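Q: I would like to go through some labels used for this model and ask what each one rests on. Please set the values against the cut-offs.

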Amino acid sequence: LCVTLLSTEPHWFIPQLSDLNSTFLSTLSDFLTTVVLDALSKEISQSDWLIKIINQCIHILCFPFGIEIEDELLMNIIDSYHSLEIVSKVTDTMVNHLPYIQLDDAIILIHRLCLTDSSFVEQFSICLENPIYVKFLR
C-alpha cells in the first residue's frame, strides 16, 4: 500500500522520510531491525512474505533517489537515514534475512548512501568488524 501511495503521491510521502519523528520513517526503520525481523520470521510461516516486506521497505528508502526533489529535502532525508543507521540495518538484514538472489536493492541502497556521504561509509565499516558480515560479503 505504501509503495502504491508513494508512487501516486510522492510529494506527500517523501518529506516523511526526512522527519525523524514521523511514524512512517520510524516504522520503516523498525522493520529493518533484527528484533522485528526475527519476530516476524517466527510469526510468518512463508519466508516469501518476510522477503517481500524487507524489499518493500528498501524500495521505499530508495525512492527519494529515483525522483527529482529539492537538494535541501534530499539532504534532510540523508541526515535522517544517517541518524537511524539505515546502512547498518540494511547490512544486517542482508546478512540475516535475504537470500543472495534478493540482495540487489539492498546493495544499491547501501552503495548510493555511501557515495552520497562518507558517514555512511563509517557505518558500513563498523558492520565489517563483525566476522560474519565479512564472510557473507566474500
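Q: Which residues does Leu84 contact, leaving aside neighbours within four places in sequence?
A: Leu84 is in contact with Leu20, Leu25, Ser29 and Lys89, where contact means heavy atoms within 4.5 Å. The model is predicted, so local features need pLDDT of at least 70 and side-chain atom pairs count only at pLDDT 80 or more, while totals for chains, interfaces and linings use all residues. Residues are numbered from 1 along each chain as its sequence is written, and side-chain values use heavy atoms, with hydrogens and water left out.

Q: Why is Leu84 called buried?
A: Its relative accessible area is 19%, and buried means under 20% (exposed is over 50%, partly exposed in between; 1.4 Å probe, protein chains only). Therefore Leu84 counts as buried. Leu84 lies in the loop between helix 6 and helix 7, helices being DSSP runs of H or I with at least four residues, numbered from the N terminus.

Q: What makes Phe31 partly exposed?
A: Phe31 has 27% relative accessibility, so Phe31 counts as partly exposed. Phe31 is in helix 3. Leaving aside neighbours within four places, Phe31 contacts Val36, Leu37, Leu40, Ile53 and Cys57. Phe31 and Ile54, 23 residues apart in sequence, have C-alpha atoms 7.3 Å apart.

Q: Is Ser80 buried or exposed?
A: Ser80 is at 2% relative accessibility and therefore counts as buried. Ser80 sits in helix 6, residues 71-83.

Q: What does the side chain of Ser80 reach?
A: The side chain of Ser80 reaches the backbone oxygen of Ser18 at 2.8 Å. Not counting residues up to four places away in sequence, Ser80 touches Leu17, Ser18, Asp19, Leu20 and Leu25.

Q: Why is helix 7 called roughly antiparallel to helix 8?
A: The two helices pack at an angle of about 155°, with axes 10 Å apart. Axes are lines fitted to C-alpha atoms, for helices over the stretch in contact, and angles run from 0 to 180 degrees between N-to-C directions. Angles under 35 degrees count as roughly parallel, over 145 as roughly antiparallel, 65 to 115 as roughly perpendicular and the rest as oblique. Helix 7 is therefore roughly antiparallel to helix 8. The contact is made by Ile86, Val87, Val90, Thr91 and Met94 of helix 7 and Ala106, Ile107, Leu109, Ile110 and Leu113 of helix 8.

Q: What makes helix 6 roughly parallel to helix 9?
A: The axes of helix 6 and helix 9 come within 10 Å and cross at roughly 20°. That angle makes helix 6 roughly parallel to helix 9. Ile78, Tyr81 and His82 of helix 6 meet Ser119, Phe120 and Gln123 of helix 9.

Q: Which residues touch the most other members of the largest nonpolar core?
A: Leu17, Tyr81 and Leu109 do, in a core of 42 residues. A nonpolar core is a set of buried Ala, Val, Leu, Ile, Met, Phe, Trp, Tyr and Cys residues joined through side-chain atoms within 4.5 Å. Helix 5 gives the most to this core, with 8 residues. Leaving aside neighbours within four places in sequence, Leu109 contacts Ile58, Leu61, Cys62, Phe65, Ile86 and Val90.

Terms used: Polar contact = N/O pair within 3.5 Å; in protein donor to acceptor, adjacent residues only side chain to side chain.
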